[in-house]
Amino acid sequence: MEATDPRARLLQLAEQRGVSLAALSTLIGRNATYLQQFVRKGSPRKLDEGDRRTLASYFGVSESELGAPGEISPTRAEGGRRSDFVDIPRLPLGASAGPGAFAAEEVPVGTFRFSTRWLRGQGFDPAMLSAIEVTGDSMEPLLRDGDEILVDRTPRPLRDGVHVVRIGDALMVKRVQSGVPGRIVLESENPAYRPIELPPEEVRVVGRVVWKSGRL
């Protein structure tokens, strides 16, 4: 397949994001082998317009990269008008603000729509953002149980701040402190929870929390 072929581009985007074709098939409401057959066997010959739009929004790319004619915005409003919004995938993972939630398969279960201009103005790459739900009370009052957070997974040198981290199979949202030599300190906002100190090799930083929503 040529590099400009939409099948090759879809496979490249999936590999860069670290998501399976089966998961992407689920995202667009198809059976698990649908996109595997599209990429490997050429069936269907081209993506359905709605499927293409959903995938382009998920990856933050132009629909033309996935086979649409011309240069099409990643998201469009009714009537074909250009839209200034992009859909950020919502993952069914609980980032625990408590003992630690165990990760499920990272298959999107929905999206949050954000202004593309706002995201770019904040310095965010839409393709590197995911939304997940906070569970537990250890980060109260900053983050409450049920809050949705936007996580920036752009690879950067670690700096102190609120991050989603993985410890073994568990996800947690904590304030990360890296000033202790040879240790990573995970702090809670709720004083009822003691800090956790671990060697750096036992903590994988998934991404930095850059936005939150929640009930009043």
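Predicted model: local features only at pLDDT ≥ 70, side-chain atom pairs only at ≥ 80, totals over all residues.
Residues are numbered from 1 along each chain as its sequence is written. Local features required pLDDT of at least 70 and side-chain atom pairs pLDDT 80 or more, whereas totals for chains, interfaces and linings use all residues, and side-chain values rest on heavy atoms, with hydrogens and water left out.

The chain comprises five helices and ten strands, assigned as DSSP runs (helices: H or I, at least four residues; strands: E, at least two) and numbered from the N terminus. Of its 216 residues, 43% count as buried, that is, under 20% relative accessible area, with exposed denoting over 50% and partly exposed the range in between (1.4 Å probe, protein chains only).

Nine salt bridges are present in the structure, each defined by a side-chain nitrogen of Lys or Arg within 4 Å of a carboxyl oxygen of Asp or Glu. One of them joins Arg30 and Asp51, with an N to O distance of 2.8 Å. This pair links distant parts of the chain, 21 residues apart: Arg30 occupies the loop between α2 (21-27) and α3 (34-41), and Asp51 lies in helix α4 (residues 49-59). Arg30 is partly exposed at 33% relative accessibility, while Asp51 is buried at 7%.

A salt bridge also connects Arg53 with Glu63, whose closest N and O atoms are 3.7 Å apart. Arg53 belongs to helix α4 and Glu63 to the loop between α4 and β1 (85-96), so the pair ties together parts ten residues apart in sequence. Glu63 is buried, with a relative accessible area of 2%. Arg53 and Glu63 are linked with Glu49 and Arg52 in a network of salt bridges.
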